[in-house]
Amino acid sequence: MRIAVGCIGHETNTFSPVATTLDNFKKGSYHRGDEIITAFRGTRTITGGFLNVAEQLNLQPVPLLWTFATPSGMVEHTAYQTLKTEFLELLQNAGELDGVLLDLHGAMVTDELEDAEGDLIQAVREIVGTTWIVTTLDLHANITPKMADYSDVIIGFDTYPHVDCYERGFEAGQLLFGMNEGKIQPTMAYRQLPLLTAPPAQCTMKTPMTDVVNALHALETEPGVVTATLSMGFPFADITDAGVSILVTTNGDMALAGVYADQFASDIWEMREQFTFNLHTVEAAIEIANQADGKPIVLADGADNPGGGGPCDGTTILQKFIEADVQDAVVAVIADPESVAQAVAAGVGNSVQLNVGGKTDTQHGAPVALTGDVKVLSDGRFVLKGPMGRGTTGNMGRTAVIQVGGVEVILTERRIQPYDAEVLRSVGIEPRARKLIALKSAVHFRADYTPIAHQILEVETPGVHSPNLFNYDYQKLRCPVYPLDSTVSYGRSEST
C-alpha cells in the first residue's frame with residue numbers, strides 16, 4: 001500500500017503582530033521527499049509514528065512536503081498559496097496511492113483565509129478522489145466543518161503537553177491499513193461547542209482534563225467505535241470556528257457515531273465551569289519562591305509563549321526579577337538577535353551593556369536596560385530529550401547567557417518555546433540547581449519539568465497569549481460563546 005504523507009503546518013495567533021512569511025516556513029522545518037523520512041524516522045512525532053507502523057505493516061510511505069513555521073501572526077496568503085501549489089504538484093506526481101496522511105495542526109489562518117487546513121484538505125480530496133484521507137490534528141485545532149467533510153478520519157492529540165504524537169501517527173497508519181483491507185468503513189460525526197478554553201485549563205496532566213481524557217479513552221473501547229477526538233481549540237484565533245469540538249468515528253454506523261458525539265459534547269458542556277484556573281502576580285510568585293524550602297520554582301509566562309504566537313521578547317518577569325534582586329534565577333528565553341550580537345562581540349567573561357527585549361511591540365513590556373556579564377555563548381543547537389519531540393533537534397540560533405546580579409537570562413536569535421529542559425542544560429544551566437525558573441511556555445514545559453519542579457506557578461503577564469480571554473477584542477468569532485457570554489446554552493438542537 002502506497003501512502004502519501006506531508007504537512008503544511010502553523011498555529012496562527014491572529015492577535016500577534018508578527019507576520020508569518022514564506023521565509024518563516026523555509027527557515028523553520030522544511031523537508032521534501034526522502035528528507036522527510038530522514039528527519040522523522042525514530043522520533044516521537046506524528047510522522048515518526050507513522051513511519052514506524054509503516055515498516056511493521058509493509059506500508060510504503062510516499063513523502064511529499066513537510067513544513068512548519070513557528071507559531072506567530074497571520075500567514076501571508078501568498079506564502080500559503082506557494083506552499084499549497086508545491087504540495088499539490090508533488091501529490092499529483094506521486095502516482096497511484098492507497099491513502100493520504102495529512103500531518104496538520106488545525107489552526108492556520110492566512111490574511112485571506114480563516115480555514116487554511118480545510119482549504120488544503122479539500123484540494124487534496126479533489127486530486128485523490130475516493131482515496132482514503134486520514135488527517136491528524138493538534139489538540140488546539142479549531143476544527144471546522146470543512147475539515148471534517150473532506151477527511152475520512154480525523155485523529156487529534158489526546159494530551160497537552162503533546163506527549164502522544166507518536167501514538168497518534170501510529171494509530172493513523174493502522175487505520176489506513178485497516179481501511180484499505182476493508183476491515184474499517186469510517187463514519188465520522190462532528191460536533192462543535194460554543195465554548196472557548198484557555199491553555200492552562202486544557203492541560204491533561206491535571207483535573208478536569210485528566211477525567212476528560214479518561215472518559216475519551218473509555219469511549220474508544222465501546223463496540224463499533226474506531227477513534228474519538230476532543231479538540232480544545234486555539235482561542236487566540238479570531239475566526240468563526242475557534243473553540244472546542246468533538247469527533248467520533250465508528251465502523252460503518254453513522255447513527256451510533258452521532259449518539260456518542262452528542263453525549264460526549266453534552267458532558268463537556270456540563271462541566272464548562274470547571275475550565276477555570278488561578279494566575280499569580282509576578283510579585284506574589286517571587287514571594288512564594290522566597291518562602292519555599294525546595295527548588296526549582298517554575299513560573300509559566302504563558303502570555304508571551306512563542307509556541308502560541310508570542311514574540312518571545314517580553315520583559316515583564318525579567319524587569320521584576322531585577323527590581324526584586326532575586327537570586328539563583330533564570331529567565332528562558334528572550335529572543336533578541338541584537339543583544340545576542342552585542343554579547344558575542346563582547347565575548348565570554350566580559351561585561352556588556354544591553355537593552356534587552358521589548359523590541360517587537362508595546363504589548364509585552366519595554367526594553368530592559370542592564371549591565372551584565374557574558375557567561376556562555378553557544379550555537380543554540382540541542383537535541384530534545386524530554387517526552388515531547390524526543391530525538392528531534394532544537395535550534396535557538398546563536399545564544400548567550402547574561403548574568404545580571406542573581407539572574408541568568410538566556411538570549412537567543414530565534415523564537416523558541418523552552419519546554420524541554422535541554423534548553424537550559426545546553427548552555428550549562430542545570431534546572432534542578434536553580435531556585436526560580438521563568439519559562440515562556442503555557443503548558444508544554446510540564447511534560448519535562450513536572451518531575452523536577454518543587455512547585456509550578458502560572459503567572460499573569462501581558463501579551464497576545466494571555467489566558468485571560470476577556471483581554472481580546474473578538475470580531476469574527478461566532479456568537480454567543482462561553483465564557484465571553486455566560487448565558488449561552490447548548491443542546492442537541494444547537495449541535496453542528
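This dialogue goes through a few features of a predicted model.

Me: What should I know about the model before reading it?
Reply: The model is predicted, so local features need pLDDT of at least 70 and side-chain atom pairs count only at pLDDT 80 or more, while totals for chains, interfaces and linings use all residues. Residues are numbered from 1 along each chain as its sequence is written, and side-chain values use heavy atoms, with hydrogens and water left out.

Me: Which residues of strand E6 are buried on each side?
Reply: In a regular strand the side chains alternate between the two faces of the sheet. Strands (E, at least two residues) and helices (H or I, at least four) are DSSP runs, numbered from the N terminus. Buried means under 20% relative accessible area, exposed over 50%, and partly exposed in between, with a 1.4 Å probe and protein chains only. In strand E6 (residues 153–156), Val-153 and Ile-155 are buried on one side, and Ile-154 and Gly-156 are buried on the other.

Me: How many bridges join strand E5 to E6?
Reply: Two strands pair if DSSP finds at least two bridges between them. Strand E5 (residues 132–137) runs parallel to E6, and four bridges join them. Thr-136 stands opposite Ile-155 in E6.

Me: Which strands pair with E9?
Reply: Strand E7 (residues 186–192) pairs with E9 in the antiparallel sense over seven bridges, and Ala-189 stands opposite Val-248 in E9. Strand E8 (residues 225–231) is also antiparallel to E9, joined by six bridges; here Thr-227 stands opposite Thr-249.

Me: Why is E9 described as largely enclosed?
Reply: Six of the seven residues of E9 (residues 245–251) are buried, so the strand is largely enclosed by the rest of the structure.

Me: At what angle do helices H9 and H10 pack?
Reply: Two packed helices are described by the angle between their axes and the distance between the axes. Axes are lines fitted to C-alpha atoms, for helices over the stretch in contact, and angles run from 0 to 180 degrees between N-to-C directions. Helix H9 (residues 209–220) and helix H10 (residues 254–270) pack at about 170 degrees, with their axes 12 Å apart. H9 and H10 are therefore roughly antiparallel (over 145 degrees; under 35 is roughly parallel, 65 to 115 roughly perpendicular and the rest oblique).

Me: Which residues make the contact between H9 and H10?
Reply: Contact means heavy atoms within 4.5 Å. H9 contributes Val-212, Ala-215, Leu-216 and Leu-219, and H10 contributes Tyr-260, Phe-264 and Ile-268.
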